[in-house]
Structure formats: structure tokens, C-alpha cells
Amino acid sequence: MNLQDELNKAEGFKNLELLAKQVVEGFIAGMHKSPFHGFSAEFAEHKIYNQGESTRHIDWKLFAKTDKLYTKRYDDETNLRCHIIVDNSSSMHYPEMNNFSIDKLNKIAFSVLAAASLMQMLKRQRDAVGLSIYSDNYDFYAPEKGSERHLQMLLNMLSDVVVSKPLNKKTETYTYLHQIAEKIHRRSMIFLFTDMLQTSEDDTKLFEALRHLKYNKHEVILFHVFDKNKELSFDFDNSPKRFIDVETGEHINLYADSIRESYHATVKDYFEALRLKCAQYKIKYVEADINNHFNSVLTTYMVERQKFI
């Protein structure tokens with residue numbers, strides 16, 4: 001059964017865990033053919049026994065089979081703490097759709113499935129994960145934990161986010177990033193999924209908030225989620241259209257051809273400015289085009305995890 005079949009079986013995003021497992025399994029299989037094949041694709045549930053450690057948790061059955069000493073690892077033994085932040089403002093629900101497929105996702109669906117896939121990777125590594133969701137409010141917060149019950153709660157919350165349709169919900173991202181930063185005290189990897197749509201006046205405040213997230217030696221990875229065909233290339237036909245700002249309700253009527261070239265140049269410059277600003281503040285910037293698969297997200301996690309631990 002392929003991933004599309006699994007999506008149909010899951011009836012949209014009702015079985016998010018199943019979809020995330022399929023994404024991760026496909027990614028791990030592909031690692032053997034990629035430059036990242038050196039990373040461990042086997043997520044051990046044991047660790048090698050080091051002389052001087054307590055013998056209480058040695059797996060003697062495994063010793064009988066391998067003649068090597070390993071100790072069992074438990075859910076509360078984590079190598080890493082990770083906090084995932086998802087922007088749930090109205091613009092993240094573009095393009096509007098009722099039925100999803102693995103090759104047809106809007107920005108929020110892409111972000112949610114990417115976040116759930118990261119959670120599966122973290123689960124396999126016995127790492128702890130927390131979650132924050134914000135729109136025009138700080139909608140949800142859960143601290144970093146590694147239990148199965150905790151993971152199921154986060155997956156259920158993410159599933160609900162996809163099917164919600166917030167109307168005219170704009171957000172001052174920097175406000176909630178400051179609040180999130182105040183809650184994360186222990187050194188963590190922080191993944192932020194957002195389309196970075198805010199007024200130019202907010203840019204300075206936004207990066208002040210991102211710098212706040214880096215406090216206490218956190219590692220911040222920004223996944224800039226966007227629809228490259230529509231939001232960068234402005235790939236619309238030249239029939240007259242009304243373009244509506246989903247966060248404010250404001251609209252403009254125009255022919256796409258009349259502004260495509262200048263629009264593309266302006267947005268491209270904005271994306272490059274974001275990239276440079278992130279580099280200045282040592283924030284990992286990753287373009288996350290919803291028309292592509294999740295390999296860029298999971299590869300980024302693998303690379304940054306190796307640096308972090």
C-alpha cells in the first residue's frame with residue numbers, strides 16, 4: 001500500500017500517526033541511496049553498557065544472543081528535547097481545500113504532517129517533544145515529554161488544526177514567540193512552521209522574538225512554509241480575478257499578467273532578506289515548499305540533531 005492509499009484509508013487527517021509513520025519509513029528507506037546514508041537509520045532501543053554503570057537494566061537475554069552487554073532504554077531517558085511551533089493563522093490555510101491528498105496539501109496540512117513526522121523521528125530516538133500552536137491567540141501549549149500518551153495527545157491536537165478553518169485570524173507572530181520562549185527553560189531544538197506573512201513593520205520585532213528563542217542556547221530552525229507556484233511565481237491564468245487577503249478580508253481585482261513580474265521580484269527579494277537575516281542571527285532557515293515532499297524537513301532534523309547532541 002502506497003502513501004496515497006494510506007491517506008485515503010485515513011480519511012484525510014483522522015489517522016495522522018499512520019501518515020507520519022509512512023513518511024518517516026519512506027525517508028529512512030531513501031537515506032540508503034542519499035549522501036546521508038551515514039546517519040543511523042536503526043533507532044536502537046538499547047544502548048551499550050559502559051563499565052561502572054549500574055547492572056540493573058542490563059538485557060541478559062540479548063547478552064545470551066550477542067555476547068555483548070546492552071542496557072534497556074526507557075521513555076524518560078531522552079537525548080534531546082524538542083519544541084515544535086505551528087502558525088495556525090488564516091493565511092496558513094491557503095489554498096482552501098476540503099479534501100487532501102499527499103500531493104495536494106495546503107500550508108497548514110503540510111506543516112502538520114511534517115510536524116507529526118518529526119514527532120515519529122523523535123519517538124524512535126527516545127527524545128522528548130513539546131508543541132505550541134498560535135493564531136491570534138496562544139491556542140495550545142504542551143511541554144516536552146517522551147511518553148506515548150503525550151505523543152497521542154499532540155497528534156490529536158494537530159489533526160484538529162488541519163480541519164479547523166479560522167476566519168480572518170491574523171497574528172503578531174513575535175508576540176507569541178516571546179511567550180513560548182518564556183516557557184522553554186531547558187536547552188532544546190525549536191522547530192517553527194510559519195509562512196512568515198506579516199507587515200514589514202513587524203520584521204524587526206519578529207527577529208527580536210526569534211533571538212529570544214535562541215536564549216539558553218536553544219537551536220532554532222525556521223521552516224518557511226509557502227506555495228511556490230502561487231505565492232512566489234504567481235502562477236495564475238490571465239483571466240480577471242479578485243485576490244483576497246484571508247487575514248484582513250481586503251481585496252484587489254486584477255489580471256495576473258499585469259503584476260506577475262514585479263510581484264515575483266518583490267517576493268523573491270523578501271525571501272532572500274529573510275534568509276540573510278536568519279544567517280545573521282544564526283537561525284537555520286529552510287524553505288518548505290508545499291508542492292515538494294518532506295525530505296528537506298526530515299533531512300534538516302537529522303543534520304541539526306547531529307550538531308546539537
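Author: Buried means under 20% relative accessible area, exposed means over 50%, and partly exposed lies in between (1.4 Å probe, protein chains only). The model here is predicted: local features need pLDDT of at least 70, side-chain atom pairs count only at pLDDT 80 or more, and totals for chains, interfaces and linings use all residues.

Reader: What is the relative accessible area of Asp237?

Author: The value is 47%, so Asp237 is partly exposed. Asp237 sits in the loop between α8 (228-232) and β8 (241-244). Helices (H or I, at least four residues) and strands (E, at least two) are DSSP runs, numbered from the N terminus.

Reader: How far apart are Asp237 and Ala256 in sequence and in space?

Author: Along the sequence, 19 residues separate Asp237 from Ala256. In space, their C-alpha atoms are 6.6 Å apart.

Reader: Now the sheet. In what order do the six strands lie?

Author: Strands of a sheet pair through backbone hydrogen bonds, either parallel or antiparallel. Two strands count as paired if DSSP finds at least two bridges between them. Here the order is β5-β4-β3-β6-β7-β10, in an open sheet with mixed pairing. The edges are β5 (138-145) and β10 (284-289), and each pairs on one side only. Neighbouring strands of the sheet are turned by 15° against each other on average, direction ignored.

Reader: How many bridges join β4 to β5, and do they run parallel or antiparallel?

Author: Five bridges join them, and the strands run antiparallel. A hairpin of three residues connects β4 to β5. Tyr134 has Tyr138 of β5 as its bridge partner.

Reader: In which sense do β3 and β4 pair?

Author: The sense is parallel, over seven bridges. His83 stands opposite Gly130 of β4. On to the next neighbour: β3 (residues 81-87) runs parallel to β6 (residues 189-194), with five bridges. Two pairs to find are Cys82 with Met189 of β6 and Val86 with Phe193 of β6. Then β6 joins β7 in parallel through six bridges. There, Thr194 faces His224 of β7.

Reader: How many residues of β3 are buried?

Author: Seven of the seven, so β3 is largely enclosed by the rest of the structure. Arg81, His83, Ile85 and Asp87 point one way, Cys82, Ile84 and Val86 the other, and all are buried. Strand β6 is also largely enclosed, because six of its six residues are buried. Met189, Phe191 and Phe193 point one way from β6, and Ile190, Leu192 and Thr194 the other way.

Reader: Which strands does helix α4 lie across?

Author: Helix α4 (residues 107-124) lies across β3, β4 (128-134), β6, β7 (219-226) and β10, and runs at about 170° to β3. Helix α6 (residues 173-183) packs on the sheet too, and touches β3, β4, β5 and β6. Its direction makes about 30° with that of β5. Contact means heavy atoms within 4.5 Å. Axes are lines fitted to C-alpha atoms, for helices over the stretch in contact, and angles run from 0 to 180 degrees between N-to-C directions.

Reader: At roughly what angle do the axes of α6 and α7 cross?

Author: They cross at roughly 15°, and the axes of α6 and α7 (residues 203-213) come within 8 Å. That makes α6 roughly parallel to α7 (under 35 degrees; over 145 is roughly antiparallel, 65 to 115 roughly perpendicular, the rest oblique). The crossing is left-handed: the near helix is turned anticlockwise from the far one by less than a right angle, whereas clockwise would be right-handed. Among the contact residues are Leu177 and Ile180 of α6 and Leu206 and Leu210 of α7. The contact holds eight nonpolar, three polar and three charged residues. Ala, Val, Leu, Ile, Met, Phe, Trp, Tyr, Cys and Pro count as nonpolar, Asp, Glu, Lys and Arg as charged, and the others, Gly among them, as polar.

Reader: Is the crossing of α4 and α10 left-handed or right-handed?

Author: Right-handed. The axes of α4 and α10 (residues 295-308) come within 10 Å and cross at roughly 35°. The contact includes Phe110, Leu118 and Met121 of α4 and Val297, Leu298 and Tyr301 of α10. Nine of its residues are nonpolar, one is polar and none is charged.

Methods
Residues are numbered from 1 along each chain as its sequence is written. Side-chain values use heavy atoms; hydrogens and water are left out.
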